[in-house]
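Here's a quick briefing to read with the model open beside you.

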Amino acid sequence: LLTNWLECLITTPLPLGATQMALADVEQTLEESEFWLRLQQAPLERLDQIARQCLPGERETLQPQQLTGMLKGFIDLLFCVDGRYYLLDYKSNHLGDGDSAYSEANMTAALLAHRYELQGLLYQLALNRLLRLRLPDYDPAIHLGGSLFFFLRGIHSDSRGLFHLPVRLDLLEQLDALFDGASA
């Protein structure tokens, strides 16, 4: 049963903008990619303000405090399709019974309830910094595809359980500056 389910997960075409591609067909991947981000006096309320702009809706407010030090994370999967780099995070959340439970509205509610939009932004920042260092002629408007949240239980739904958090370059620039110690 598990083998059949995993095979379905990697062979089902996923909507990536104009491209429909199964994970099994992606040639350039990096699994469990570790990253570190340095923070210099980053106010958590400013981080919260930036995250709220990327995905509207109600969510818990982060408590005010200053963040200083190193933030460590692991990205489940990095992959490249048509010259665009995507971050994918697997989610096993149970959003309800039946395929209709994995609608965009329900996935959005889950993202906000768990503050996954903040996770997606931090992953985008890490990838942006990595590509800026390693990719010749790097242009985030061309090369960054965004953060994907793959709600695995929704694989048979119309959405395929995939929620795409696109890159907002203005927010990425603000986040980059915030992590470098700029308070604006």
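Leaving aside its neighbours within four places in sequence, which residues is Asp 176 in contact with? They are Leu 125, Arg 129 and Arg 132, where contact means heavy atoms within 4.5 Å. Keep in mind that this is a predicted model: local features need pLDDT of at least 70, side-chain atom pairs count only at pLDDT 80 or more, and totals for chains, interfaces and linings use all residues. Residues are numbered from 1 along each chain as its sequence is written, and side-chain values use heavy atoms, with hydrogens and water left out.

**Asp 176 and its helix**

- Asp 176 sits in helix α6; helices here are DSSP runs of H or I with at least four residues, strands are runs of E with at least two, and both are numbered from the N terminus.
- With a relative accessible area of 13%, Asp 176 is buried (buried is under 20% relative accessible area, exposed over 50%, partly exposed in between, using a 1.4 Å probe and protein chains only).

**The sheet**

- Five strands make an open sheet: 5 strands in the order β3-β4-β5-β6-β7, with mixed pairing. Two strands pair if DSSP finds at least two bridges between them.
- The edges belong to β3 (28-43) and β7 (162-165); each has a single partner strand, so one side of each is left without a neighbour in the sheet.
- From one strand to the next, the twist averages 35 degrees. Angles run from 0 to 180 degrees between N-to-C directions, and axes are lines fitted to C-alpha atoms, for helices over the stretch in contact.
- Strand β6 (residues 144-151) runs antiparallel to β7, and 4 bridges join them. Ser 147 has Leu 165 in β7 as its bridge partner.
- Helix α3 (residues 104-114) lies across β6 and β7, at about 60 degrees to β7.
- Helix α6 (residues 169-179) also packs on the sheet, touching β3, β4 (66-81) and β6, and its direction makes about 60 degrees with that of β3.

**Helix packing**

- The axes of α2 (residues 44-54) and α4 (residues 116-134) come within 9 Å and cross at roughly 100 degrees.
- On the α2 side the contact uses Leu 47, Ile 50, Ala 51 and Cys 54, while α4 brings Glu 117, Leu 118 and Leu 121.
- Sorted by type, the contact residues of α2 with α4 come to 6 nonpolar, no polar and 1 charged (Ala, Val, Leu, Ile, Met, Phe, Trp, Tyr, Cys and Pro count as nonpolar; Asp, Glu, Lys and Arg as charged; the others, Gly among them, as polar).
- Buried residues in α2 are Leu 44, Arg 46, Leu 47, Asp 48, Ile 50, Ala 51 and Cys 54, and their cover includes β3, β4, α4, β7 and α6.
- Over in α3, the buried residues are Met 107, Thr 108, Ala 110, Leu 111 and Leu 112; they pack against α4, β6 and β7.

**Cores**

- The largest nonpolar core has 39 residues, and Phe 151, Leu 175 and Phe 179 have the most contacts inside it. A nonpolar core is a set of buried Ala, Val, Leu, Ile, Met, Phe, Trp, Tyr and Cys residues joined through side-chain atoms within 4.5 Å.
- At least two residues of this core come from each of β3, α2, β4, α3, α4, β6, β7 and α6, and α4 gives the most, with 9 residues.
- Beyond its neighbours within four places in sequence, Phe 179 is in contact with Leu 37, Arg 38, Leu 39, Gln 40, Leu 47, Leu 71, Leu 122, Leu 125 and Arg 129.
- Another core, of 16 residues, lies apart from the largest one and has Leu 14, Phe 79, Leu 148 and Leu 152 among its members.

**Loops and positive phi**

- Most residues other than glycine have a negative phi.
- Asp 82, in the loop between β4 and β5 (84-91), has a phi near 55 degrees and is exposed, with a relative accessible area of 65%.
- Asp 137, in the loop between α4 and α5, has a phi near 60 degrees and is exposed at 74% relative accessible area.
- Tyr 138 lies in the loop between α4 and α5 (140-143) and counts as buried, at 15% relative accessibility.
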